[in-house]
Amino acid sequence: MKFINKKLLFALLLITSSAVFAQPKRQKVDGVIAVVGDYVVLDSDIDLELITLKSQGIDVKNITRCELLGKQLEDKLYAHQAVQDSIVVSDAEVNSFLNEQIDAAVEQIGSIDKVVKYYNKKNVEELRSHFFDVVKMNKLTTQMQKKIVDGVEITPEEVRNFFKGIPADEIPTVGAEMEIAQIVVKPVISEDEKNNVINKLKEIKQDVLNGSSFFSKAVLFSEDPGSSSNGGYYKMNRKTPFVKEFKDVAFSLAEGEISEPFETEFGFHIIYVEKIKGQDVELRHILITPKVSSQAIKDAKEKIEQIRTKIVNKEISFADAARSSSDEKETRNNGGVLLNPRTMEPKFELTKMDPVLYAQVSDLKDGEVTMPILDEARGMGKFYKIITVNNRTEEHQADFAKDYLKIKELALKDKQIKAIAKWSEEKIKETYIKIGDDYKDCPFANNWLKK
(Lines give C-alpha, C1' and ligand atoms only; values in the text may rest on other atoms or scores of the structure.)
Protein backbone atom coordinates (compact mmCIF):
# COMPACT_ATOMS: atom_id res chain seq x y z
CA MET A 1 0.00 0.00 0.00
CA LYS A 2 1.48 3.32 -1.06
CA PHE A 3 1.14 6.37 1.10
CA ILE A 4 1.22 10.06 0.21
CA ASN A 5 4.25 11.97 1.41
CA LYS A 6 4.75 12.49 5.13
CA LYS A 7 4.23 16.27 5.04
CA LEU A 8 0.88 15.84 3.39
CA LEU A 9 -0.19 13.01 5.68
CA PHE A 10 0.72 15.07 8.76
CA ALA A 11 -1.21 18.04 7.46
CA LEU A 12 -4.25 15.93 6.71
CA LEU A 13 -4.19 14.44 10.18
CA LEU A 14 -4.26 17.96 11.57
CA ILE A 15 -7.18 18.84 9.34
CA THR A 16 -9.23 15.86 10.47
CA SER A 17 -8.55 16.02 14.19
CA SER A 18 -7.42 18.89 16.41
CA ALA A 19 -7.58 21.53 13.68
CA VAL A 20 -11.31 21.23 12.98
CA PHE A 21 -11.83 24.88 13.81
CA ALA A 22 -8.75 26.01 11.89
CA GLN A 23 -10.41 25.21 8.59
CA PRO A 24 -11.36 28.07 6.27
CA LYS A 25 -14.94 28.55 5.19
CA ARG A 26 -16.17 26.52 2.23
CA GLN A 27 -16.05 28.55 -0.93
CA LYS A 28 -18.63 26.56 -2.86
CA VAL A 29 -20.82 23.48 -2.79
CA ASP A 30 -20.09 21.17 -5.72
CA GLY A 31 -21.36 17.85 -6.87
CA VAL A 32 -20.58 14.41 -5.49
CA ILE A 33 -17.30 13.06 -6.87
CA ALA A 34 -17.17 9.81 -4.91
CA VAL A 35 -19.27 7.56 -2.72
CA VAL A 36 -17.96 5.05 -0.17
CA GLY A 37 -20.71 3.09 1.54
CA ASP A 38 -22.91 5.65 3.26
CA TYR A 39 -20.45 8.54 2.82
CA VAL A 40 -19.97 11.00 -0.03
CA VAL A 41 -17.05 13.20 -1.09
CA LEU A 42 -17.77 16.57 -2.69
CA ASP A 43 -15.48 18.31 -5.15
CA SER A 44 -15.50 21.27 -2.78
CA ASP A 45 -14.07 19.00 -0.05
CA ILE A 46 -10.89 18.73 -2.14
CA ASP A 47 -10.87 22.51 -2.64
CA LEU A 48 -11.19 22.95 1.12
CA GLU A 49 -8.22 20.69 1.82
CA LEU A 50 -6.02 22.52 -0.69
CA ILE A 51 -6.95 25.91 0.79
CA THR A 52 -6.31 24.65 4.30
CA LEU A 53 -2.90 23.22 3.39
CA LYS A 54 -1.93 26.56 1.82
CA SER A 55 -3.07 28.42 4.95
CA GLN A 56 -0.70 26.23 6.99
CA GLY A 57 2.24 27.27 4.81
CA ILE A 58 2.51 23.93 3.01
CA ASP A 59 3.62 23.96 -0.62
CA VAL A 60 0.80 22.26 -2.54
CA LYS A 61 2.18 22.52 -6.09
CA ASN A 62 3.21 18.83 -6.04
CA ILE A 63 0.06 17.65 -4.24
CA THR A 64 -2.57 16.40 -6.66
CA ARG A 65 -6.32 16.34 -6.27
CA CYS A 66 -6.10 12.60 -6.87
CA GLU A 67 -3.88 12.19 -3.79
CA LEU A 68 -6.28 14.23 -1.68
CA LEU A 69 -9.25 12.24 -2.94
CA GLY A 70 -7.39 9.00 -2.13
CA LYS A 71 -6.98 10.14 1.48
CA GLN A 72 -10.66 11.12 1.65
CA LEU A 73 -11.67 7.69 0.32
CA GLU A 74 -9.52 5.94 2.94
CA ASP A 75 -11.12 7.93 5.76
CA LYS A 76 -14.63 7.26 4.46
CA LEU A 77 -13.89 3.53 4.18
CA TYR A 78 -12.73 3.42 7.82
CA ALA A 79 -15.78 5.34 9.02
CA HIS A 80 -18.22 3.23 6.99
CA GLN A 81 -16.74 -0.03 8.28
CA ALA A 82 -16.72 1.32 11.84
CA VAL A 83 -20.49 1.70 11.64
CA GLN A 84 -20.82 -1.82 10.20
CA ASP A 85 -18.72 -3.15 13.09
CA SER A 86 -20.95 -1.35 15.62
CA ILE A 87 -18.21 0.96 16.80
CA VAL A 88 -19.99 3.67 18.76
CA VAL A 89 -18.96 7.29 19.10
CA SER A 90 -21.36 8.91 21.55
CA ASP A 91 -22.87 12.33 21.03
CA ALA A 92 -21.44 13.31 24.42
CA GLU A 93 -17.91 12.47 23.24
CA VAL A 94 -18.38 14.50 20.05
CA ASN A 95 -19.90 17.41 21.95
CA SER A 96 -17.07 17.38 24.48
CA PHE A 97 -14.52 17.65 21.66
CA LEU A 98 -16.55 20.41 20.01
CA ASN A 99 -16.68 22.31 23.29
CA GLU A 100 -12.90 22.27 23.52
CA GLN A 101 -12.56 23.44 19.92
CA ILE A 102 -15.11 26.21 20.33
CA ASP A 103 -13.40 27.40 23.52
CA ALA A 104 -10.06 27.47 21.69
CA ALA A 105 -11.62 29.35 18.77
CA VAL A 106 -13.19 31.89 21.13
CA GLU A 107 -9.83 32.41 22.83
CA GLN A 108 -8.16 32.97 19.45
CA ILE A 109 -10.83 35.05 17.70
CA GLY A 110 -12.29 36.97 20.64
CA SER A 111 -15.91 35.98 21.28
CA ILE A 112 -18.45 33.31 20.38
CA ASP A 113 -20.27 35.80 18.13
CA LYS A 114 -17.06 36.42 16.19
CA VAL A 115 -16.51 32.67 15.83
CA VAL A 116 -20.03 32.25 14.43
CA LYS A 117 -19.46 35.12 12.00
CA TYR A 118 -16.01 33.80 11.00
CA TYR A 119 -17.53 30.51 9.89
CA ASN A 120 -20.43 32.30 8.22
CA LYS A 121 -23.09 30.68 10.39
CA LYS A 122 -26.34 32.17 11.68
CA ASN A 123 -25.87 31.11 15.32
CA VAL A 124 -24.01 28.77 17.67
CA GLU A 125 -26.45 25.94 17.00
CA GLU A 126 -25.77 26.04 13.25
CA LEU A 127 -22.01 26.20 13.93
CA ARG A 128 -22.15 23.11 16.13
CA SER A 129 -24.39 21.25 13.69
CA HIS A 130 -22.01 21.99 10.82
CA PHE A 131 -19.03 20.40 12.52
CA PHE A 132 -20.81 17.62 14.41
CA ASP A 133 -20.90 15.09 11.54
CA VAL A 134 -17.31 15.89 10.52
CA VAL A 135 -16.00 15.27 14.02
CA LYS A 136 -18.06 12.10 14.43
CA MET A 137 -16.75 10.64 11.16
CA ASN A 138 -13.17 11.47 12.14
CA LYS A 139 -13.57 9.74 15.48
CA LEU A 140 -15.08 6.67 13.81
CA THR A 141 -12.12 6.63 11.43
CA THR A 142 -9.63 6.79 14.30
CA GLN A 143 -11.33 4.01 16.24
CA MET A 144 -11.54 1.77 13.18
CA GLN A 145 -7.83 2.25 12.48
CA LYS A 146 -7.10 1.42 16.11
CA LYS A 147 -9.22 -1.73 15.93
CA ILE A 148 -7.31 -2.94 12.86
CA VAL A 149 -3.87 -2.61 14.44
CA ASP A 150 -4.70 -3.41 18.08
CA GLY A 151 -4.31 -7.13 17.54
CA VAL A 152 -1.03 -6.81 15.65
CA GLU A 153 1.89 -8.11 17.72
CA ILE A 154 5.50 -8.76 16.87
CA THR A 155 8.00 -11.34 18.09
CA PRO A 156 11.72 -10.80 18.79
CA GLU A 157 12.51 -12.99 15.78
CA GLU A 158 10.36 -10.80 13.54
CA VAL A 159 12.18 -7.73 14.86
CA ARG A 160 15.55 -9.35 14.10
CA ASN A 161 14.47 -10.31 10.58
CA PHE A 162 13.12 -6.80 9.98
CA PHE A 163 16.44 -5.25 10.99
CA LYS A 164 18.44 -7.75 8.91
CA GLY A 165 16.30 -6.86 5.93
CA ILE A 166 17.26 -3.18 6.01
CA PRO A 167 20.03 -2.41 3.47
CA ALA A 168 23.25 -1.20 5.12
CA ASP A 169 22.94 2.25 3.56
CA GLU A 170 19.33 2.60 4.78
CA ILE A 171 19.80 1.73 8.46
CA PRO A 172 18.05 4.56 10.31
CA THR A 173 19.85 7.14 12.40
CA VAL A 174 18.91 7.49 16.06
CA GLY A 175 18.89 11.12 17.08
CA ALA A 176 20.65 12.57 20.10
CA GLU A 177 18.79 11.67 23.30
CA MET A 178 18.84 12.66 26.93
CA GLU A 179 17.26 11.69 30.22
CA ILE A 180 15.55 14.61 31.96
CA ALA A 181 14.70 14.97 35.64
CA GLN A 182 12.90 17.75 37.42
CA ILE A 183 11.94 18.91 40.89
CA VAL A 184 8.66 20.75 41.32
CA VAL A 185 7.64 23.06 44.15
CA LYS A 186 4.02 24.16 44.21
CA PRO A 187 2.83 27.30 46.00
CA VAL A 188 0.84 26.45 49.12
CA ILE A 189 -2.82 27.41 48.83
CA SER A 190 -4.13 28.88 52.06
CA GLU A 191 -6.94 27.21 53.96
CA ASP A 192 -8.86 30.49 53.83
CA GLU A 193 -8.79 30.42 50.01
CA LYS A 194 -9.88 26.77 49.94
CA ASN A 195 -12.75 27.58 52.31
CA ASN A 196 -13.79 30.51 50.12
CA VAL A 197 -14.08 28.17 47.12
CA ILE A 198 -15.94 25.51 49.13
CA ASN A 199 -18.38 28.13 50.44
CA LYS A 200 -18.96 29.46 46.93
CA LEU A 201 -19.79 25.98 45.67
CA LYS A 202 -22.13 25.42 48.62
CA GLU A 203 -23.84 28.70 47.79
CA ILE A 204 -24.27 27.62 44.16
CA LYS A 205 -25.68 24.27 45.28
CA GLN A 206 -28.23 25.98 47.51
CA ASP A 207 -29.27 28.32 44.70
CA VAL A 208 -29.89 25.29 42.46
CA LEU A 209 -31.90 23.56 45.19
CA ASN A 210 -33.96 26.76 45.42
CA GLY A 211 -34.76 26.63 41.72
CA SER A 212 -31.78 28.11 39.84
CA SER A 213 -30.44 26.38 36.72
CA PHE A 214 -27.34 24.21 37.23
CA PHE A 215 -26.64 24.65 33.51
CA SER A 216 -26.52 28.44 33.86
CA LYS A 217 -24.42 28.29 37.01
CA ALA A 218 -21.88 26.06 35.24
CA VAL A 219 -21.66 28.45 32.29
CA LEU A 220 -21.14 31.39 34.65
CA PHE A 221 -18.80 29.91 37.25
CA SER A 222 -17.18 26.65 36.13
CA GLU A 223 -13.48 26.84 35.24
CA ASP A 224 -13.46 23.55 33.30
CA PRO A 225 -12.71 24.57 29.67
CA GLY A 226 -13.93 21.21 28.40
CA SER A 227 -17.49 21.53 29.66
CA SER A 228 -18.34 25.02 30.97
CA SER A 229 -19.84 26.28 27.69
CA ASN A 230 -22.12 23.22 27.63
CA GLY A 231 -23.36 23.64 31.18
CA GLY A 232 -20.77 21.32 32.71
CA TYR A 233 -22.12 18.24 30.89
CA TYR A 234 -20.32 14.90 30.76
CA LYS A 235 -21.46 11.35 30.05
CA MET A 236 -19.31 8.70 31.68
CA ASN A 237 -19.04 5.12 32.87
CA ARG A 238 -16.55 3.43 35.14
CA LYS A 239 -14.05 3.02 32.29
CA THR A 240 -14.12 6.70 31.33
CA PRO A 241 -10.69 8.22 32.09
CA PHE A 242 -11.64 10.68 34.83
CA VAL A 243 -9.62 11.09 38.03
CA LYS A 244 -10.57 8.61 40.76
CA GLU A 245 -11.98 11.17 43.19
CA PHE A 246 -14.38 12.50 40.54
CA LYS A 247 -15.60 9.03 39.54
CA ASP A 248 -16.02 7.95 43.16
CA VAL A 249 -18.38 10.86 43.84
CA ALA A 250 -20.22 10.59 40.50
CA PHE A 251 -21.10 6.93 41.02
CA SER A 252 -22.14 7.46 44.65
CA LEU A 253 -24.96 9.87 43.76
CA ALA A 254 -28.57 9.09 42.98
CA GLU A 255 -30.36 10.56 39.97
CA GLY A 256 -31.20 14.21 40.69
CA GLU A 257 -28.74 14.49 43.59
CA ILE A 258 -26.08 17.20 43.95
CA SER A 259 -22.82 16.39 45.75
CA GLU A 260 -21.12 18.34 48.45
CA PRO A 261 -17.95 20.16 47.32
CA PHE A 262 -15.00 17.78 46.91
CA GLU A 263 -11.38 18.16 45.86
CA THR A 264 -9.36 16.72 42.96
CA GLU A 265 -6.01 17.73 41.52
CA PHE A 266 -7.87 20.27 39.36
CA GLY A 267 -9.60 22.10 42.22
CA PHE A 268 -12.97 21.78 43.94
CA HIS A 269 -16.14 20.44 42.28
CA ILE A 270 -19.80 19.83 42.78
CA ILE A 271 -21.61 17.24 40.64
CA TYR A 272 -25.28 17.07 39.67
CA VAL A 273 -26.43 13.71 38.29
CA GLU A 274 -29.08 14.20 35.60
CA LYS A 275 -29.65 10.63 34.43
CA ILE A 276 -28.45 7.11 35.13
CA LYS A 277 -28.80 4.76 32.15
CA GLY A 278 -27.45 1.30 32.95
CA GLN A 279 -23.70 1.71 33.37
CA ASP A 280 -23.70 5.30 32.08
CA VAL A 281 -24.11 8.44 34.14
CA GLU A 282 -25.07 11.77 32.58
CA LEU A 283 -23.98 14.58 34.84
CA ARG A 284 -23.09 18.23 35.08
CA HIS A 285 -20.34 19.63 37.25
CA ILE A 286 -18.85 22.92 38.31
CA LEU A 287 -15.12 23.31 38.90
CA ILE A 288 -13.57 26.22 40.77
CA THR A 289 -9.82 26.32 41.37
CA PRO A 290 -8.47 28.10 44.47
CA LYS A 291 -6.30 31.09 43.64
CA VAL A 292 -2.65 31.25 44.63
CA SER A 293 -1.41 34.38 46.40
CA SER A 294 1.67 36.28 45.26
CA GLN A 295 3.28 35.56 48.63
CA ALA A 296 2.76 31.81 48.16
CA ILE A 297 4.47 32.02 44.76
CA LYS A 298 7.34 33.95 46.31
CA ASP A 299 7.70 31.35 49.09
CA ALA A 300 7.75 28.53 46.52
CA LYS A 301 10.57 30.24 44.63
CA GLU A 302 12.61 30.68 47.80
CA LYS A 303 12.13 27.00 48.68
CA ILE A 304 13.26 25.71 45.28
CA GLU A 305 16.25 28.09 45.29
CA GLN A 306 17.34 26.55 48.59
CA ILE A 307 16.95 23.04 47.13
CA ARG A 308 19.01 24.03 44.08
CA THR A 309 21.77 25.51 46.24
CA LYS A 310 22.10 22.24 48.18
CA ILE A 311 22.33 20.24 44.94
CA VAL A 312 24.92 22.58 43.38
CA ASN A 313 26.98 22.49 46.60
CA LYS A 314 26.91 18.66 46.52
CA GLU A 315 25.08 18.49 49.86
CA ILE A 316 22.45 16.25 48.26
CA SER A 317 22.00 14.54 44.89
CA PHE A 318 19.30 15.73 42.49
CA ALA A 319 17.55 12.36 42.75
CA ASP A 320 17.52 12.38 46.56
CA ALA A 321 16.30 15.97 46.59
CA ALA A 322 13.47 15.01 44.26
CA ARG A 323 12.47 12.10 46.48
CA SER A 324 12.45 14.23 49.62
CA SER A 325 11.20 17.60 48.36
CA SER A 326 9.44 17.47 44.98
CA ASP A 327 5.70 18.12 44.90
CA GLU A 328 5.26 16.14 41.66
CA LYS A 329 4.04 12.72 42.79
CA GLU A 330 4.38 11.17 39.29
CA THR A 331 8.17 11.62 39.27
CA ARG A 332 9.12 12.00 42.92
CA ASN A 333 9.75 8.32 43.68
CA ASN A 334 11.81 7.97 40.50
CA GLY A 335 14.26 10.67 41.46
CA GLY A 336 12.44 13.25 39.36
CA VAL A 337 13.01 11.42 36.04
CA LEU A 338 10.43 12.31 33.38
CA LEU A 339 8.87 9.73 31.08
CA ASN A 340 8.61 10.61 27.42
CA PRO A 341 4.81 10.77 26.82
CA ARG A 342 5.29 9.47 23.26
CA THR A 343 7.30 6.36 24.16
CA MET A 344 6.79 6.06 27.95
CA GLU A 345 10.56 5.63 28.27
CA PRO A 346 12.95 7.91 30.25
CA LYS A 347 14.61 9.12 27.05
CA PHE A 348 13.83 12.20 24.96
CA GLU A 349 15.02 12.55 21.37
CA LEU A 350 16.01 16.19 20.89
CA THR A 351 14.44 16.56 17.45
CA LYS A 352 11.06 15.25 18.70
CA MET A 353 10.97 17.05 22.03
CA ASP A 354 8.34 19.58 23.02
CA PRO A 355 9.77 22.95 21.89
CA VAL A 356 9.31 24.57 25.29
CA LEU A 357 11.10 21.74 27.11
CA TYR A 358 13.81 21.68 24.44
CA ALA A 359 14.51 25.38 24.97
CA GLN A 360 14.88 24.75 28.70
CA VAL A 361 17.36 21.85 28.46
CA SER A 362 19.13 21.98 25.07
CA ASP A 363 22.15 23.89 26.39
CA LEU A 364 22.46 22.01 29.70
CA LYS A 365 25.52 19.89 30.34
CA ASP A 366 25.14 16.55 32.11
CA GLY A 367 24.52 17.17 35.80
CA GLU A 368 23.97 20.91 35.38
CA VAL A 369 20.85 22.34 37.06
CA THR A 370 18.70 25.12 35.62
CA MET A 371 17.77 28.21 37.56
CA PRO A 372 14.19 28.08 38.94
CA ILE A 373 11.61 28.15 36.12
CA LEU A 374 8.08 29.47 36.68
CA ASP A 375 5.67 27.19 34.84
CA GLU A 376 1.94 26.56 34.69
CA ALA A 377 -0.15 23.47 33.89
CA ARG A 378 -3.80 22.54 34.04
CA GLY A 379 -4.51 20.81 37.31
CA MET A 380 -1.40 22.31 38.92
CA GLY A 381 -1.68 26.03 38.34
CA LYS A 382 1.57 27.97 38.67
CA PHE A 383 4.64 26.26 40.13
CA TYR A 384 8.42 26.43 40.12
CA LYS A 385 10.71 23.73 38.81
CA ILE A 386 14.39 23.03 38.32
CA ILE A 387 15.66 20.62 35.65
CA THR A 388 18.77 18.55 35.10
CA VAL A 389 19.99 16.30 32.28
CA ASN A 390 21.39 12.77 32.69
CA ASN A 391 22.70 10.06 30.36
CA ARG A 392 23.00 12.05 27.14
CA THR A 393 23.72 10.02 23.98
CA GLU A 394 24.79 11.53 20.67
CA GLU A 395 23.29 10.88 17.25
CA HIS A 396 24.30 7.47 15.85
CA GLN A 397 23.36 4.76 13.38
CA ALA A 398 20.86 2.33 14.91
CA ASP A 399 22.43 -0.64 16.68
CA PHE A 400 20.30 -3.75 17.17
CA ALA A 401 21.39 -4.37 20.76
CA LYS A 402 21.49 -0.75 21.98
CA ASP A 403 18.41 0.46 20.15
CA TYR A 404 16.27 -2.68 20.23
CA LEU A 405 13.12 -0.93 21.50
CA LYS A 406 13.25 1.66 18.72
CA ILE A 407 13.84 -1.02 16.09
CA LYS A 408 10.96 -3.01 17.55
CA GLU A 409 8.73 0.05 17.22
CA LEU A 410 9.70 0.45 13.55
CA ALA A 411 9.13 -3.25 12.87
CA LEU A 412 5.73 -3.13 14.56
CA LYS A 413 4.69 -0.08 12.52
CA ASP A 414 5.77 -1.85 9.34
CA LYS A 415 3.65 -4.86 10.26
CA GLN A 416 0.69 -2.61 11.15
CA ILE A 417 0.92 -0.83 7.78
CA LYS A 418 0.81 -4.22 6.03
CA ALA A 419 -2.21 -5.22 8.14
CA ILE A 420 -4.02 -2.01 7.18
CA ALA A 421 -3.16 -2.59 3.51
CA LYS A 422 -4.58 -6.10 3.64
CA TRP A 423 -7.70 -4.90 5.46
CA SER A 424 -8.24 -2.10 2.93
CA GLU A 425 -7.87 -4.47 -0.02
CA GLU A 426 -10.51 -6.81 1.42
CA LYS A 427 -13.00 -4.08 2.42
CA ILE A 428 -12.75 -2.24 -0.89
CA LYS A 429 -13.87 -5.44 -2.65
CA GLU A 430 -17.01 -5.79 -0.50
CA THR A 431 -18.00 -2.10 -0.11
CA TYR A 432 -20.09 -0.05 -2.53
CA ILE A 433 -17.70 2.51 -4.07
CA LYS A 434 -18.35 4.88 -6.95
CA ILE A 435 -15.79 7.33 -8.37
CA GLY A 436 -16.89 10.26 -10.54
CA ASP A 437 -15.84 10.38 -14.18
CA ASP A 438 -13.45 13.31 -13.61
CA TYR A 439 -11.35 11.17 -11.24
CA LYS A 440 -11.45 7.75 -12.92
CA ASP A 441 -7.99 8.26 -14.43
CA CYS A 442 -6.36 8.91 -11.03
CA PRO A 443 -3.36 6.67 -10.23
CA PHE A 444 -4.80 5.64 -6.85
CA ALA A 445 -2.61 3.65 -4.46
CA ASN A 446 -5.63 1.48 -3.61
CA ASN A 447 -7.92 -0.26 -6.07
CA TRP A 448 -10.82 2.16 -5.60
CA LEU A 449 -11.92 1.64 -9.21
CA LYS A 450 -12.01 -2.15 -8.68
CA LYS A 451 -10.26 -2.91 -11.95
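1. Buried means under 20% relative accessible area, exposed over 50%, and partly exposed in between (1.4 Å probe, protein chains only). The model is predicted: local features need pLDDT of at least 70, side-chain atom pairs count only at pLDDT 80 or more, and totals for chains, interfaces and linings use all residues. Residues are numbered from 1 along each chain as its sequence is written, and side-chain values use heavy atoms, with hydrogens and water left out.

2. Salt bridges. The structure holds 24 salt bridges, a salt bridge being a side-chain nitrogen of Lys or Arg within 4 Å of a carboxyl oxygen of Asp or Glu. One of them joins the side chains of Asp43 and Arg65, at 2.8 Å from N to O. Asp43 belongs to helix 2 (residues 43-55) and Arg65 to helix 3, so this pair ties together parts 22 residues apart in sequence. Helices (H or I, at least four residues) and strands (E, at least two) are DSSP runs, numbered from the N terminus. Arg65 is partly exposed at 27% relative accessibility, while Asp43 counts as buried at 19%.

3. A salt bridge between strands. Glu274 and Arg284 meet through their side chains at 2.6 Å, N to O. The pair links distant parts of the chain, with Glu274 in strand 7 and Arg284 in strand 8 (residues 280-288), ten residues apart. Arg284 is buried, at 13% relative accessibility; Glu274 is partly exposed, at 26%.

4. A salt bridge within a helix. The side chains of Glu409 and Lys413 form a salt bridge of 3.4 Å, N to O. Both residues lie in helix 15 (residues 404-430), four residues apart, which is about one turn of the helix. Glu409 has a relative accessibility of 28% and counts as partly exposed. Lys413 is also partly exposed, with a relative accessible area of 43%.

5. Ile276. This residue is in strand 7 (residues 267-277) and is partly exposed, at 38% relative accessible area. Leaving aside residues up to four places away in sequence, Ile276 touches Leu253, Ala254, Glu255 and Val281, where contact means heavy atoms within 4.5 Å. Glu255 is 21 residues from Ile276 in sequence, and their C-alpha atoms are 6.3 Å apart.

6. Disulfide. A search of the whole structure finds one disulfide, defined as a pair of cysteine sulfur atoms within 2.5 Å. It joins Cys66 to Cys442, with an S to S distance of 1.9 Å. Cys66 lies in helix 3 (residues 65-84) and Cys442 in the segment after strand 13 (433-435), so the pair ties together parts that are 376 residues apart in sequence. The torsion about the S-S bond of Cys66 and Cys442 is about -70°, so the disulfide is left-handed. Cys442 is buried, at 8% relative accessibility.

7. Four strands form an open sheet in the order 9-4-11-10, with antiparallel pairing; two strands pair if DSSP finds at least two bridges between them. Strand 9 (348-349) and strand 10 (373-377) are at the edges with a single partner strand each, so one side of each has no neighbour in the sheet. Strand 10 pairs with strand 11 (residues 381-393) in the antiparallel sense over five bridges. Ile373 has Lys385 of strand 11 as its bridge partner.

8. Helix on the sheet. Helix 12 (residues 318-325) packs on this sheet and touches strand 4 (177-185) and strand 11. The direction of helix 12 makes about 35° with that of strand 4. Axes are lines fitted to C-alpha atoms, for helices over the stretch in contact, and angles run from 0 to 180 degrees between N-to-C directions.
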